[in-house]
Each structure stands twice: as structure tokens, then as C-alpha cells.
Amino acid sequence: MTISKVNFDPFSEDYFNDPHETYRRLRDEAPLFYSEQYDFYALSRHEDVAAAFKDFETFSSADGITLADFQEDRPPNQPSIIMMDPPDHRQLRSLVNKVFTPRAIQAQEPLVRQLVGHYLSQVDPAGFDAVADFSALFPVEVITTMLGVPEEHHQNIRTWLDVSLTRQPGEIGVSQAGLDAMIQTAMVYFGVIGDRRAEPRDDMISRLISTEVERDDGGSKTLDDIEIAGFATLLGGAGAETVTKLVGSAVVLFARHPDQWAQLLADRSLIPSAIEEVLRYAAPAQYAMRSTRRDVELHGTTIPAGKPVMLIEASANRDERAFTDADRFDISRDRSQAQNLGFGYGIHSCLGAALARMESAIAFEHLLDFMPEYEVDFDNLRRVNMTSVAGYSNVPVHVRR
């Protein structure tokens, strides 16, 4: 095997700062990369990543979906839907689809508008943090309200999640603080589940309790507390992180591309396209792990069965083989060129994609009204150091009046 000279370490400071130059080199020099340090393979081109996402029989989710799952000498946590292959995945996805319906999502629009307006009304236009004071706050309120979490724990869910995802350079697994945060999160969800079993309400946890799942033998079953807590943790985490990172990155990108912000100001019908372009250009989710169920021949090399493979969706979304001028941020881009992998693809595409798009669209509308002209303090931007998640923790902004 030819070992690439590309230095790709997903636990490094360079990776946390901005991995896209490394991704470009992977696509050009090592489309099938092998890490001797961590013993994993990585796919970075759009064609390869999209195909692997679709081929769940070859690239399985069952052994883990982050690199830490394969690096740490411990059994994985209680399996969740994102760590299942069909038929189990199909059964549980069907259940969530019954609960996380388009009608249930659309019903949240008044709440989203109220929360976005509330948090934006609290900031000082002369100087505020577009993430810490705004985009980090409202998404978790939406998803925890939908789940039925008591209000006093809404922001706790977000801060505990951040602690559990944060990594220091060179740190592979969850820190002790992260483990403690995960336990605190689980205790909140178990408390809500117990309350809803005794007294159901009009929320997602109550519906998860009452909805039945079809079994292979034709019968049905209900979910136990651990399975429901797993769903709540997954939905709460994705709901808190994705929009936070997407909106924060959008503020930075539009400050760097004021012509694109001007286009949006002139034509708000471009908001859906703008969201897709931010998602393509600066996806919150960087990669998903899979493990091979058979030997796979790619780019002149064999990936043996049983090996971890990183599907780098953030790299695939910037692949010039799939997108014209892929490194150009363009909200008017032709969306028919290639599949946007920012919300995953195939059977594990994001459950909450429609909700995330709706929240982001409302946030964009309010930001256009609130700061038609603004500046970002680029010197004081701060990125997150998180496993498989990218974005900003701090985006200082000044609104020009």
C-alpha cells in the first residue's frame, strides 16, 4: 500500500482549526486514506462517500459512528438508531417518523419565531456574540420543549452536551467531565420518562412511550426506558448542535462574502438556497464512521472486512469533482449538480433535517432585519474543539447603523 504523506489527525489542533485544506489533499492525493496511527480508513471524495452512505450492507453503523467508538477499549453505549442496520433500524426509524411528523415540526413554528425574536431582542447591536448570545440558545429550547423536558433543564441539556463533545488536542475519548455530563443528561430524561408514564402529556416522550414498534414476527412491542432515553438524547443533541453551528457559521461566511448577504437582503426567496449552501460549505457534522462487513476494493487498495472507515461528508461537500467551483461560497449555486451530504445520506439521513431547516430560515429572516449591515471581529473568532462536529463557539459581531 502507498502511504500518503498527508497528515490527517482528527484529534489535532490543525483539524479543529480548519481541516478543509487537509481534506483537499486527501481528495487529490489519498482518496482512500489509511491512518497507521489510529488504524482507520477514510473516504473523502463525494462519489465514494455518497455510495458508502447508501451501501449499509457493506458499510455498517453497528460498531460505532465516531472514531472514539473504535479507539477506546470499551463496549459501545446502549445501541441507538444511528448505530443500527436494517431491519432494526427500519423498525425504529418508522417509529420516530410517527412521532417526528411534518405536522409536529410545523406546529413548532410559532415557538421558533418567539424564541428567535426573544433572544435577538436581548443583545446589544453595538457588540454581541452571534453564537453565545443567540444561536446557541434558541435551538435547544425548541427541541427540549418538543421532547417535554422541564424548562429549568433546557439550557443544561446544551451545556452538558458541549462538555461531552469537547476534546482537547490529542484527546480521543470522553473526559470524566464529559461522562458526568452524559449521566446528568440521562438522569433528566429518565425523570421525564417516569413522569410521562404516570401522566402522559402532548410531547414527544409521551408519544414515544405510547407508540408501538413492529417486530420481525409480525407482532409489536413498546420501547423501554433505556430506548426512549436513547432517542431523547439523540434528538436533543442533534437539535441543540446542528442549528447552533449552522447559524454561527452563516454569520461568519456572510461577513466574509458581503455580496452574498446583499443578494439575500435583496431577495429573501433565496433563504432556503442560502441554508443549503452554508450546510454544504460549512457542515456542522464533519464525518460518520462505518465498519466494513466484507473486503472492499477502492482506488487500487483493499479495505479488509471489519475495519473502521471514516466517511468525511464535509470533504465530499467541497469536492470539485461533484460541485463547480466547490470552494466558492455561492447561495445561487445549482443544487442539481450533486447531493448535499450535510445532513447525511441514505438510511441514516438526519431525522431532524426539516426542523433544522425551518429554524435556520427563521433565524436568517430575523438576522436580515436586525443587522442588514454588520461586521465580525475575525481576530476573536473561536472554533469548537469537538469530536466530528465543527463550527464556532464565539462569533463577535457589531451591527452598523
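Buried here means under 20% relative accessible area, exposed means over 50%, and partly exposed lies in between. Keep that cut-off handy for the exercises below, which all concern a predicted model.

**Exercise 1. Classify both partners of the salt bridge between Asp-327 and Arg-318 as buried, partly exposed or exposed.**

Solution. 
- Start with the contact itself: the side chains of Asp-327 and Arg-318 meet in a salt bridge, at 2.9 Å from N to O.
- Next, take Arg-318, whose relative accessibility is 8%. This value is under 20%, so Arg-318 counts as buried.
- Now turn to Asp-327, which has a relative accessible area of 44%.

**Exercise 2. Work out how Asp-28 and Arg-24 are placed along their helix, and find the network they belong to.**

Solution. 
- For accessibility, Asp-28 is partly exposed at 35%, and Arg-24 is partly exposed at 29%.
- To widen the view, return for a moment to the salt bridge of Asp-327 with Arg-318. Elsewhere, salt bridges that share partners join Glu-21, Arg-24, Arg-27, Asp-28, Asp-319, Glu-320 and Arg-321 into one network.
- For the whole model, the count comes to 27 salt bridges.

**Exercise 3. Decide whether Glu-277 and Arg-280 are buried or exposed, and describe their spacing.**

Solution. 
- The closest N and O atoms of Glu-277 and Arg-280 lie 2.9 Å apart, in a salt bridge.
- The pair belongs to helix H15 (residues 271-281), and since the two are three residues apart, they are separated by about one helical turn.
- Glu-277 has a relative accessible area of 0% and is buried; Arg-280, at 1%, is buried too.

**Exercise 4. Sort the side chains of strand S14 (residues 396-399) by face, then locate the strands that pair with S14.**

Solution. 
- Side chains alternate along S14: Val-397 and Val-399 point to one face and are buried.
- Strand S4 (residues 128-129) pairs with S14 in the antiparallel sense over two bridges, and Asp-129 stands opposite Pro-396.
- Strand S11 (residues 374-376) also pairs with S14 in the antiparallel sense, over three bridges. Here Glu-375 is opposite His-398.

**Exercise 5. List the buried residues of helix H3 (residues 46-54) and name elements that cover them.**

Solution. 
- The buried residues in H3 are His-46, Asp-48, Val-49, Ala-50, Ala-52 and Phe-53.
- Their cover includes strands S2 (40-43), S3 (59-60), S7 (288-292), S8 (296-298) and S10 (308-311). Helix H16 (313-316) is also part of the cover.

**Exercise 6. Describe the largest cavity by volume and lining.**

Solution. 
- The count comes to one cavity of 30 Å³ or more, and the largest cavity has a volume of about 70 Å³.
- Among its lining residues are Tyr-15, Asp-18, Gln-286, Arg-383 and Gly-391.
- By class, the lining divides into six nonpolar, three polar and two charged residues.
- Helix H1 (residues 13-17) gives the most to this lining, with three residues.

How values were computed:
Residues numbered from 1 in each chain as written. Predicted model: local features only at pLDDT ≥ 70, side-chain atom pairs only at ≥ 80, totals over all residues. Heavy atoms only, no water. 1 Å grid on protein atoms, 1.4 Å probe; cavity = no way out; pocket = protein on both sides within 12 Å on 5 of 7 lines; lining within 4 Å. Points joined across faces, edges and corners; volume = space filled by probe spheres on them. Helix = DSSP H or I, 4+ residues; strand = E, 2+ residues; numbered from the N terminus. Nonpolar A, V, L, I, M, F, W, Y, C, P; charged D, E, K, R; others polar. Salt bridge = Lys/Arg side-chain N within 4 Å of Asp/Glu carboxyl O. Buried < 20%, exposed > 50% of the residue type's maximum accessible area, 1.4 Å probe, protein only. Contact = heavy atoms within 4.5 Å. Pairing = 2+ DSSP bridges.
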